[in-house]
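The sequence and the model come first.

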Amino acid sequence: MSNIQKIDRRDFVKLFGLASGGIILGCSVASDSKDFIPIESKKGFHPNLFVHLEENGNVTLVASRSEMGQGIRTSLASAIADELEADWQYVSVVQAIGHEKYGNQNTDGSRSVRTRLEPMRKMGATAKMMLITAAANFLWRFSCRCRQSSNSKRKKHTIKKS
Amino acid sequence: MDINLSINGKSHAVQVQEDMPLLWAIRDIVGLTGTKFGCGVSQCGACSVLVDGRLTKSCSVSVIDAVEKEIFTIEGNSENLEFLRQAWTDGNVPQCGYCQSGQLIAATSLLDTIENPTDKDIDKAMSANICRCGTYTRIKKAIHTAVKLKNQTL
């Protein structure tokens, strides 16, 4: 039997880079850096840039503005958690790296919550919607299967009786 | 004038005025910048260090008061501080982090005196350390975690 190895995206890109000789440097730097592990590379469900869910129920949220004692890591994260209806007990907050993907990260002028409240709420709400849809999908299929199995049981039952 | 300061078990000869605040000497002369300058008037606890095991606001004592005494800062190593560091990491305690070295030193002092502190003990011991981010609940939780970690390993 041939040996089948499971390979994640990061390793694939790295191997691909080795083979093609093109993008090896950028990838190696990213995966070798122990200082910062982006939440995207953690195991679990990553519905959007700011939300990461693990199977054990832990939730990691990203604060994209700088914390200087004004409590931004509480306020931005609680805006997400509130919409997500995540239990704060299982929420941990990580600081975002400086990157344009997070949008404007200027932390000044008391504007962080004023400008980021709505986007953050949407991050939580979309993540919750995805979970609800997935659950509904699963339950619908599950209920179909149940109905089928209960039907077949009923049939068996009637056959036995007669 | 040469003044000998013993910080974290290491002796440092510093050439400073006798009445220089201890914090200045620790940060600017010795170069241990883990201890922070907060208010400068002994109100916030960011500059907390242990002097002969006693919780001290280093901004408000003179260098001469710490001579021939053992100074313990956040860069030091003690058993209790190790457990607290672990609990702090596990509990994701700091936000901006500025007050946390003072918080950790105050917590070390607490665990040095009371082995199994209650919520009330923690409130009392940590009340002199202010955190603008409001990490108090996580700090309290982390101190309990540190005690648990310690009891597990011992």
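A residue is called buried when its relative accessible area is under 20%, exposed when that value is over 50%, and partly exposed in between. The model discussed here is predicted.

**A helix in chain B**

By that cut-off, 12 of the 14 residues of H3(B) are buried, so this helix is largely enclosed by the rest of the structure. The buried residues include Gln100(B), Leu104(B), Ile105(B), Thr108(B) and Leu111(B). What covers the buried residues of H3(B) includes strands E3 (48–51), E4 and E5 (70–72) of chain B. Helices H2 (79–90), H4 (119–126) and H5 (136–153) of chain B are also among the covering elements.

The length of helix H3 (residues 100–113) of chain B can be checked as well. At 1.5 Å a residue, its 14 residues should span 20 Å, and the end C-alpha atoms are 20 Å apart, which agrees.

**Two strand residues in chain B**

Strand E4 (residues 54–57) of chain B contains Thr56(B). Thr56(B) has a relative accessible area of 14% and is therefore buried. Its side chain reaches the backbone oxygen of Arg54(B) at 2.9 Å. Not counting residues up to four places away in sequence, Thr56(B) touches Cys47(B), Ser48(B), Val49(B), Val51(B) and Val61(B).

Ser11(B) lies in strand E2 (residues 10–15) of chain B. With a relative accessible area of 54%, Ser11(B) is exposed. Leaving aside neighbours within four places in sequence, Ser11(B) is in contact with Asn4(B), Leu5(B) and Ser6(B). The side chains of Ser11(B) and Asn4(B) are joined by a polar contact of 3.4 Å. Between Ser11(B) and Met1(B) there are 16 Å in space, C-alpha to C-alpha, and the two are 10 residues apart in sequence.

**Two residues with positive phi**

Most residues other than glycine have a negative phi. Ser110(A) is not a glycine, yet its phi is positive, about 55 degrees. Ser110(A) sits in the loop between strand E4 (91–95) and helix H4 (112–161) of chain A. Asp52(B), also not a glycine, has a positive phi of about 55 degrees. The place of Asp52(B) is the loop between E3 and E4 of chain B.

| Residue | Relative accessible area | Class |
|---|---|---|
| Thr56(B) | 14% | buried |
| Asp52(B) | 47% | partly exposed |
| Ser11(B) | 54% | exposed |
| Ser110(A) | 64% | exposed |

**Where the chains meet**

Five residue pairs are in polar contact across the interface of chain B and chain A, with both residues at pLDDT 80 or more. Zero salt bridges are found across this interface.

How values were computed. Residues are numbered from 1 along each chain as its sequence is written. Chains are lettered from A and ligands numbered from 1 in the order in which they are written. This is a predicted model: local features need pLDDT of at least 70, side-chain atom pairs count only at pLDDT 80 or more; totals for chains, interfaces and linings use all residues. Side-chain values use heavy atoms; hydrogens and water are left out. Helices (H or I, at least four residues) and strands (E, at least two) are DSSP runs, numbered from the N terminus. Buried means under 20% relative accessible area, exposed over 50%, partly exposed in between (1.4 Å probe, protein chains only). Contact means heavy atoms within 4.5 Å. A polar contact is a pair of N or O atoms within 3.5 Å; within protein, one must be able to donate a hydrogen and the other to accept it, and residues adjacent in sequence count only if both atoms are side-chain atoms. The expected span of a helix is 1.5 Å times one less than its number of residues. A salt bridge is a side-chain nitrogen of Lys or Arg within 4 Å of a carboxyl oxygen of Asp or Glu.
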